[in-house]
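Please open the structure in your viewer and follow the stops below in order.

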Amino acid sequence: MLYSDFITKLRRELRDFERVHRGVFDGDDSTTIFSLNYVSVKDASYTVKIGGVVKTEGTDYSLDKYTGIVTFATAPASGSDNIEITYKSIKFRDEDYVEIINDGIDHFRWVFWKMDTDETALTTVKNQYEYDCSGITGILYVINAWYKASSGSTVWQAIQGLTNWKYYTRLIKLSVNPTFSNSSLPIKLLYLRSLTKGTAISDTIDIPDEWILPYKYYVYARYYERQIPERINETAAVTTLPSYAPSQVVFSIAENYYKKADEVARKIAPKLPSISIKQIHDGITL
């Protein structure tokens, strides 16, 4: 499934549909900044005219799609309703959804993961205790490690048969003690990695279909959470509850979806693989 497919489903379920607007302003030959009433502005959905003449973005004006601020290079001439801007607004832009889905991947990185191997990132260094694993994309934890007794060997031997080892998650480092007595021996790792994050809506999403539900609830939570600032100044509404506060209601909805996302994730999460039993060498325990 592509990010674009998932985003389309999210928009439909959250009712985040594009809305068409028309803003009309009076020029006064001095004002260059005008503000649209509805944001965020959808890409390639807007047309800016002065006196009926279409203006060019980047040359005649700039538009901040998040704030709706239109800034003209030259102040429009004085006139009544001579500035016309037609555009479409949405709650979340596509890049917002991509960012939030990726945030979800980070949020659930220890819940949903994949196993992978690497045979190229590390080689032994004589008398070295620590090996930096930050060059291995998305690494979370090392499950097992092997080495070759010589560079031309075709046999991988378990490192725990030669030395104690431990992976430090926060440091992203593999520690061995005692150290290797030879350098340039290939090291192979079996490790857990986080799901791969995309950068554009055309990218394939790395979340398997059977795991997608908690990520959807996570996006729901972020969607409603973003609306809290819009409601924060509202203190009442047409309701039978005199203490009704829209910001509190939206906050409760967001909090509920955060909890729901975590609950569903715990129910369907895969079990962590077993860690190999390590030997102890030279009386050193890791």
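Begin by selecting helix 3, residues 212-226. Its 15 residues reach 21 Å from the first C-alpha to the last, close to the 21 Å expected at 1.5 Å a residue; the expected span is 1.5 Å times one less than the number of residues. Helices (H or I, at least four residues) and strands (E, at least two) are DSSP runs, numbered from the N terminus. Among the buried residues of this helix are Ile212, Tyr215, Val219 and Tyr223. Buried means under 20% relative accessible area, exposed over 50%, and partly exposed in between (1.4 Å probe, protein chains only).

The model is predicted: local features need pLDDT of at least 70, side-chain atom pairs count only at pLDDT 80 or more, and totals for chains, interfaces and linings use all residues. Residues are numbered from 1 along each chain as its sequence is written, and side-chain values use heavy atoms, with hydrogens and water left out.

Next, select Asp81 in strand 7, residues 79-89. Is Asp81 buried or exposed? Asp81 is exposed, at a relative accessible area of 51%. The phi of Asp81 is near 55°, a positive value in a residue other than glycine.

Move to Asn127, in the loop between strand 8 (113-123) and strand 9 (130-132). Here phi is near 65°, again positive, and Asn127 is exposed, with 54% relative accessible area.

Finally, examine two peptide bonds. The bond from Val39 to Ser40 is cis, with omega near 0°; Ser40 lies in the loop between strand 2 (33-35) and strand 3 (47-50). The bond from Asn177 to Pro178 is also cis, with omega near 5°, and Pro178 sits between strand 13 (173-177) and strand 14 (186-194), in a loop.
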